[in-house]
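Here is a short report on one helix and its packing partner. Please keep the sequence and the model at hand.

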Amino acid sequence: MGQKESKDRLSKADLELLKTSTRFDEDTIIEWYRGFKSDCPDGKLTPKAFMQIYSKCFPTGNANEFCDHVFRTFDTDKNGFIDFKEFLLAIDVTSSGKPEEKLNWAFNMYDVDGNGYIDLMEMTKIVKSIYNMMGPNHVAMDQFESPEARAEGIFKRMDVNSDGKVTKQEFVRCCLEDRKLIELLTPHTAT
């Protein structure tokens, strides 16, 4: 019986970690936890369930590919599912984080292979997934520019030293200097 009760409750250690690592207070954390457990009774948000939730935010587009990238970035321990701590830490950064925090998070999403920099192929992959997610009628996307051309233009602007790699520093600096770039590269996440 004690085992069941502890599984339905957030541990004191996890609660303390989330209180110190996020901008949420205890009541808000517990409220988020209840909602998470309601949607994921076993405490594991799977890629499929994540996609179902996320794609509701983009009904005119295909969010599948972009969801894969967001899921990968949320799943910090790379075990194939998102637990509550990973979920809330990511929600905190994407909804309340400072621009630098959001951009560091976004960089990790763009760095598909996790090698510490973004190459043109990775940039193209993410930009294409954003185009697909936004759908054909989204006004923020330039109808006359292909995602490949858009990715190449962004990449050239970011690759300050022209070495074919965009570092986290180049990515963050370039985005902080260009508001439109931030809006394109960090589309609103589902919360």
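Which residues are exposed on the other side of α3? They are Asp 27, Glu 31, Arg 34, Ser 38 and Asp 39. The model is predicted.

**Helix α3**

Helix α3 covers residues 26-39 and has 14 residues. From its first C-alpha to its last it reaches 20 Å, close to the 20 Å expected at 1.5 Å a residue.

The buried residues of α3 are Ile 29, Tyr 33, Phe 36 and Lys 37. Viewed down the helix axis, the buried residues lie within an arc of 95°, so they line one face of α3.

| State in α3 | Residues |
|---|---|
| Buried | Ile 29, Tyr 33, Phe 36, Lys 37 |
| Exposed | Asp 27, Glu 31, Arg 34, Ser 38, Asp 39 |

**Packing with α2**

Two packed helices are described by the angle between their axes and the distance between the axes. Helix α2, residues 12-21, packs against α3 at an angle of about 120°. The two axes are 10 Å apart. The crossing of α2 and α3 is right-handed.

**Lys 19**

Lys 19 sits in helix α2. Its relative accessible area is 30%, so Lys 19 is partly exposed. The C-alpha atoms of Lys 19 and Ile 29 are separated by 7.7 Å. Along the chain, Lys 19 and Ile 29 are 10 residues apart. Ile 29 is one of the buried residues of α3.

Note on methods: Residues are numbered from 1 along each chain as its sequence is written. This is a predicted model: local features need pLDDT of at least 70, side-chain atom pairs count only at pLDDT 80 or more; totals for chains, interfaces and linings use all residues. Side-chain values use heavy atoms; hydrogens and water are left out. Helices (H or I, at least four residues) and strands (E, at least two) are DSSP runs, numbered from the N terminus. The expected span of a helix is 1.5 Å times one less than its number of residues. Buried means under 20% relative accessible area, exposed over 50%, partly exposed in between (1.4 Å probe, protein chains only). The arc is that of the directions from the helix axis to the C-beta atoms. Axes are lines fitted to C-alpha atoms, for helices over the stretch in contact, and angles run from 0 to 180 degrees between N-to-C directions. A crossing is left-handed if the near helix is turned anticlockwise from the far one by less than a right angle, and right-handed if clockwise.
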